[in-house]
Structure formats: structure tokens, C-alpha cells
Amino acid sequence: MGRGMENLIGITILLLLLIVIPFPSSSSAISSSGNSSKREVIEVGGGPDDLVWVVQLSDLHFSVHHPERAREFQEIVGFALSFIKPSLVLLTGDLTDGKSKDLLIMKQDEDEWIEYQKVMQDVVLRSGLDRSTFYDVRGNHDNFGVPVVGGSFDFYSKYSINGQLKRTGKVNSVTIQTSKRKLLFVGFDSTMSSGFRGPTNLFGHPTDELLAEINSELSQWDSQPTQLVTKVSFGHFPLSFSAASKSGKTLQDIFIKHSLNAYLCGHLHTKFGKNLKRHHHSSHHASYSKQLFQLNGHRTPSVNASSCSKAATSIGEFWEWEMGDWRKSRAMRILAIDGGHISFIDINFKLGAKETIILPTFPLDSRFTSASSQNYKCGSTDPSSYEFIRALVFSASPIASVLAKIYDSSPGNLILVLETQMKKLAGSHGNLYVAPWNIQAFEDPSPDRFLLQIEVSDIMGRSTASEHRPFSVSGIPAKVPWGWKEFFVMGCQWDSLYYPILWCFYLLVLFILLIPKALLSFSRRQYTYKNFKADKSLVNGLSWIFTELYNVPVAWCCVVAYLFYLVLCPWFYGQVFTEGRERAYMTYRGWVSSFNNLGRLEFLGSADIMVVVLPHLFFVVLPAIMTITVLAAENGMYRDYLLSLSSKKKDDYDGQNKESALPDSSISRTSQIILCGRWLRKLLLVVSLAISWKH
């Protein structure tokens with residue numbers, strides 16, 4: 001009996017140990033050490049060994065004033081996901097709109113969040129996907145007027161999928177494990193810790209702590225150097241609208257350090273253009289964050305693309321792909337990772353649901369290749385992957401046939417040079433179609449000479465064709481053309497440009513207002529309109545105009561005083577959060593609502609307030625200064641005109657010169673009409689009213 005008791009005690013202890021000691025599972029969530037981020041691992045089985053695809057949606061802007069956005073999302077997206085069957089669904093911010101009907105009030109509306117929750121529940125049900133495959137990150141609209149995360153007005157934490165699944169950290173990661181590699185997806189929330197109302201809530205504000213968490217998540221598999229890892233990050237804000245941390249570090253620095261493959265974001269919408277893609281590269285990591293401009297979005301290799309040298313692939317780089325919006329464009333993106341190489345397609349659902357969607361995965365689109373995938377001769381991946389044209393075909397109906405066509409565009413028009421039937425890969429759970437080809441036959445120094453198109457027919461007789469995609473088997477990158485709007489929002493690092501633009505404005509305006517006054521005070525020459533008419537030079541004209549401005553000292557002093565007021569004093573004061581009585585005031589350095597631990601003023605949103613400061617300076621202050629100056633000049637012209645009339649009357653009265661009664665030939669009839677009626681002055685007063693309205 002003693003021996004039986006000992007066995008029983010041993011079994012009891014073993015059971016207790018199994019209960020107390022947690023054993024991590026590959027399919028379970030794992031909390032990362034040292035922070036509140038959450039890690040998950042998903043194993044993909046069946047189908048192609050090294051192929052995964054995900055779906056991205058962004059800027060849904062569900063609004064009580066625009067119910068069609070949620071209704072069409074529910075109808076279209078749920079149906080599309082049911083036959084796409086992605087491994088992940090990424091929703092990159094601005095889930096709700098948070099605006100009043102007149103667009104003047106920006107704060108959280110719980111009705112919009114209740115609608116978002118109901119729609120997403122229905123979409124998950126229609127798609128047949130598990131809810132854990134959905135990741136929805138917070139956008140700036142989801143943060144309007146939220147004073148503190150977890151508070152009563154933080155509806156994102158209550159109604160979002162991330163919130164309901166207890167993904168409470170600022171950073172969450174999920175790893176998709178295939179038989180050949182790990183696909184690491186890291187999502188993060190870089191909205192302000194205290195969400196001000198719009199419009200001064202426009203930028204992402206990654207803190208040093210957040211950057212450290214992202215750095216930790218991106219390096220979680222670095223301890224396994226033999227394991228192939230493809231890294232993708234996703235968030236709401238483009239990097240051009242993401243500020244640096246207090247220590248000066250940026251998201252770009254972290255992404256370059258970890259050789260990120262792609263960063264997926266939203267925020268900008270397609271109203272700024274359809275080519276909101278940007279290739280980031282740097283061989284000098286420390287100086288990368290100092291870059292203020294990037295003139296184009298395409299990849300420019302620093303070495304010969306045909307080279308297989310280590311320098312050809314060791315350059316730090318990653319792609320940034322803004323995807324557009326659901327709000328107006330009804331956009332959705334499918335992103336596939338095939339053999340470690342990323343390709344994507346942006347779909348427009350404006351005309352309704354689509355029955356068939358085609359995504360070629362090889363050869364790669366030459367507009368969006370990276371140095372690591374540049375040349376099939378380098379042997380960086382399995383050579384057999386280059387022997388086939390590959391395309392994913394998603395369809396609600398069974399497929400009858402799939403054709404691959406390659407066109408030669410060099411003659412000036414498209415000439416079909418290859419047409420081949422594609423076959424579904426055996427065991428493919430994602431309808432992957434392949435066709436053999438001779439890759440060497442398409443070597444060419446031009447990155448866009450050859451174009452790939454896939455044509456699909458289903459059993460209903462419906463035919464669908466993909467766009468003509470340029471490709472280069474040598475890895476030579478094609479250009480991604482930017483218009484001025486795309487350069488404006490993607491190519492400029494606005495948080496770094498704010499203060500240079502501000503101080504350049506002040507330097508120029510104060511130079512114009514102060515330097516001429518100092519120079520004219522030492523000049524003995526009189527600058528009048530009459531003298532200017534006699535000698536119409538630029539110097540005389542400017543000197544006369546500034547003299548007239550300085551002759552109205554009240555106006556000049558008020559302009560200078562107002563410029564100093566804007567730098568030294570608050571601009572606004574009021575309630576900036578949805579709840580509570582806490583008020584704040586705004587200066588050119590940001591919002592101030594409290595003191596920091598050192599008893600000093602703490603400025604928040606220093607980059608965000610530029611959307612108020614710079615338009616005010618350039619569209620209110622500068623036009624006002626110009627209008628005041630022209631009014632002063634017009635007053636001098638009118639004074640000179642009256643003096644000329646009085647002298648003529650005197651000459652006519654004395655009878656010394658009969659011809660003197662005639663109009664002064666130096667003043668044209670048109671000028672007389674303008675001066676006599678003072679039409680210029682009236683026009684300037686109308687301009688002043690417009691400036692006041694703009695103010």
C-alpha cells in the first residue's frame with residue numbers, strides 16, 4: 001500500500017506540473033517578454049509548399065451619415081473573402097469616420113463603432129474564416145478626441161476585433177509557418193497617446209518605446225539564421241506622415257535595419273493618386289532618417305542589376321505600399337508571397353462584386369521588385385521556381401481554362417510572342433496555375449519591354465483578363481511614375497520639413513519688412529509714385545511701395561507685432577477631447593494641456609499642427625501683408641493723382657497756360673478711371689473680406 005501511495009503522489013505531482021508549467025503551442029498566442037505585444041503562430045498545410053496570400057483593406061470610414069459604405073462592405077467583402085480564403089485579413093486603420101455631417105466636429109461616435117462590430121461579425125460569418133485571422137489596427141479617425149486608451153470614449157478597444165481578442169498591445173505579430181520559411185507580419189498602432197480632435201490629428205507618432213517593441217518583434221526569429229524569414233509590417237500612417245521619436249529615431253531606421261520586405265499602410269486615399277508606392281533604400285543607416293525628399297518612388301539599384309555580387313543584394317531596402325481607401329474607391333488588396341517574393345493586386349469594387357480575381361506571382365512585376373529578387377541567375381532561391389509562369393486565380397465559379405500571354409512592346413505596339421495553357425498545380429488549395437516557359441528567351445536590358453497577361457474563363461462562359469504587367473527576368477527595375485500630388489504626399493518627409501518651412505517663411509517676411517525700412521531710413525532720396533513714373537525701374541518701384549507702407553506706421557507695426565505674436569503666444573484655446581473639461585491651447589510648437597515630470601510645458605502633436613500653421617501663414621498672413629502693402633501703394637497713387645488735379649486747377653485759374661487745363665498726358669484715361677473711382681481699392685477690400693473669411 002505504501003508503494004501505491006507513492007505512485008499516486010508521484011502521478012499527482014506530475015499532473016500539477018503539467019497544469020502549472022505552460023508549454024507553448026505553435027498554433028497558440030505567445031506573449032512576448034518585456035512588453036504587452038502579442039505573438040501568434042499559424043501553420044499552413046496543404047497546397048504549394050511556399051505560397052501564402054493575405055488581404056488588406058484600409059480607410060473604411062464607416063459613418064452614420066454614409067450608411068452605404070458599411071452596407072457595400074458587408075455585401076462585397078464577405079463574398080470576396082469566401083472564395084479568396086486568405087491566411088490573414090489586415091485592416092489598416094480609419095475603421096470609422098468620426099465626423100459630423102457638416103465635417104466641422106471630429107470626435108468618436110459609438111453608433112459607428114456598433115455598426116462596425118455588426119458588419120465585421122457578418123463578414124467573418126460570410127467569409128467562412130476564423131475571426132482570429134482578422135487584424136484591425138487603429139487609425140487617426142479612430143483616435144479623434146480619445147483622451148486615454150482604455151477610457152470610456154476609446155470605442156476601438158471595445159468594438160474592434162483586436163480589442164475583442166485581447167490584442168491590447170501597441171504591437172502585435174503573427175507568423176505564418178510554411179514548410180520552407182516563416183512569414184512574419186508585424187502590425188502596430190502609432191496614433192497619439194492622447195487623441196486630439198481633427199484636423200490636428202494627422203500624423204503617426206511612434207515613441208522610442210514603440211520602436212523598441214517593433215524592433216523586438218521583427219527580430220524574434222533572428223536567432224535561427226538558417227530559417228528563411230520574410231518580414232512584412234503593417235500600420236495606418238505612411239512614413240511621410242510618421243514623425244520621429246524624441247530621440248530622433250524613425251520607423252524607416254527600424255525597417256532598414258531588419259531588411260523588411262514591405263510596409264503596408266493606408267491613410268492617404270486614392271484622391272492623391274494611384275501610384276502611392278515608394279521604395280526606401282540606404283547603405284548608410286545612420287543618415288537615412290535625415291532625408292527630406294525623395295523625387296521618385298521606383299527602385300534605383302546602386303549596382304548593376306545583372307550582378308550577383310554580395311553588394312548587389314546587401315543594400316538596405318524595403319517597399320512601402322499605400323493601398324487607397326474603401327471610403328470612396330472601394331479598394332481591396334491581395335498580397336501573395338510566393339517563394340519569398342511578394343506580388344500584389346489592388347482591386348476596385350466601385351462597379352460591384354467580382355467573380356474572378358487574377359494575381360500573377362511569377363515573373364515578378366518589374367515596377368516593384370527588390371534587390372534580393374533581382375536576378376534568376378544568382379541562385380538565391382530554388383531554380384525550379386523560375387521554370388514556370390505562376391498565377392493565383394480566385395473565382396466564385398469553377399475555372400474552365402487559364403491562358404498565359406506574353407507581349408513584346410518594343411515595336412511600339414503589342415505583339416503576342418507567347419501563348420500557353422496553364423494548368424492547376426496538383427494539390428493547390430489556392431488555385432495556383434502554372435505553365436512552363438523558357439526564361440532565357442526573355443532576357444532584355446529594358447525592364448518593361450515584355451508584358452505578362454493572364455486570361456481566365458469560367459464554366460459560365462465569363463472571361464477575365466489581368467492587366468499587362470511589365471517584367472524583367474534580369475531584375476532591372478521599371479519606373480513608378482509620380483505626379484506632383486503623389487510626390488507631395490509620399491516623397492516629402494513632412495515632420496522634418498515643418499520647421500524649415502516655418503522659419504524660412506519668417507526669415508523671408510521679416511527680411512522684407514525690416515531690411516528695406518533700415519535702408520530707406522539712411523537714404524536722402526525721396527521715393528514717390530511721381531518719381532517712379534519718371535524712372536520705372538524695379539528698385540524705384542519697390543522703394544516707393546515700401547515707403548508708402550512705412551508712411552502708415554500703424555499698419556506696419558501691427559503686421560510685425562502679429563508675426564511675433566504667432567511665435568510667442570497661443571493661437572487657440574479650447575476643448576480638444578470628446579469627454580471631460582480638460583482644455584488645451586495651441587502654439588506653433590504643438591498643443592499644451594499639461595506639464596511634464598520636470599515641470600516644463602509638454603508640446604504634443606508638433607507635426608500635426610502644421611496643417612493649421614502653414615496654411616494660415618501662406619494663405620492668410622502672406623496675402624494679408626501683400627494686400628496691406630498694395631493698399632498703401634494705392635493710397636499713395638491716389639494722393640499723387642489729387643495733387644496733380646489741384647495743380648492743374650491752379651494753373652487754369654491763373655490763366656498762365658490754357659493747355660494746362662487738359663488732362664495730364666502722363667496719366668492714361670484708364671488710370672484716371674481707376675484712380676478716380678478707386679476701383680483698385682474696392683477690389684482690395686473684397687480681397688480683404690476673402691482673407692478674413694479664410695482666417
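Q: Where does Pro199 lie?
A: Pro199 belongs to the loop between strand 7 (181-188) and helix 6. Helices (H or I, at least four residues) and strands (E, at least two) are DSSP runs, numbered from the N terminus. This is a predicted model, in which local features need pLDDT of at least 70 and side-chain atom pairs count only at pLDDT 80 or more, while totals for chains, interfaces and linings use all residues. Residues are numbered from 1 along each chain as its sequence is written, and side-chain values use heavy atoms, with hydrogens and water left out.

Q: What is omega for the cis peptide bond from Gly198 to Pro199?
A: For this cis bond, omega is near 5 degrees. Pro363 is in the loop between strand 14 (356-362) and strand 15 (388-395).

Q: Why are helix 2 and helix 3 called roughly parallel?
A: Helix 2 (residues 67-84) and helix 3 (residues 110-127) pack at about 25 degrees, their axes being 8 Å apart. Axes are lines fitted to C-alpha atoms, for helices over the stretch in contact, and angles run from 0 to 180 degrees between N-to-C directions. Angles under 35 degrees count as roughly parallel, over 145 as roughly antiparallel, 65 to 115 as roughly perpendicular and the rest as oblique. Helix 2 is therefore roughly parallel to helix 3.

Q: Which residues make the contact of helix 2 with helix 3?
A: Among them are Phe73, Val77 and Leu81 of helix 2 and Val119, Met120 and Val123 of helix 3; contact means heavy atoms within 4.5 Å. The residues of this contact divide into 7 nonpolar, 4 polar and 4 charged. Here Ala, Val, Leu, Ile, Met, Phe, Trp, Tyr, Cys and Pro count as nonpolar, Asp, Glu, Lys and Arg as charged, and the others, Gly among them, as polar.

Q: What makes helix 11 and helix 13 roughly perpendicular?
A: Helix 11 and helix 13 (residues 538-550) pack at an angle of about 95 degrees, with their axes 10 Å apart. The two helices are therefore roughly perpendicular to each other. In helix 11, Ile512, Leu513, Pro516, Lys517 and Leu520 meet Ser543, Phe546, Thr547, Leu549 and Tyr550 of helix 13. By class, this contact has 7 nonpolar, 2 polar and 1 charged.

Q: How do you know that helix 11 and helix 14 are roughly antiparallel?
A: The axes of helix 11 and helix 14 (residues 553-568) cross at roughly 155 degrees and come within 12 Å. Helix 11 and helix 14 are therefore roughly antiparallel to each other. Their contact includes Trp503 and Phe505 of helix 11, and Trp556 and Phe564 of helix 14. The residues of this contact divide into 14 nonpolar, no polar and 1 charged.

Q: Which crossing of helices is left-handed?
A: The crossing of helix 11 and helix 14 is left-handed, whereas helix 2 passes helix 3 in a right-handed crossing. A crossing is left-handed if the near helix is turned anticlockwise from the far one by less than a right angle, and right-handed if clockwise.
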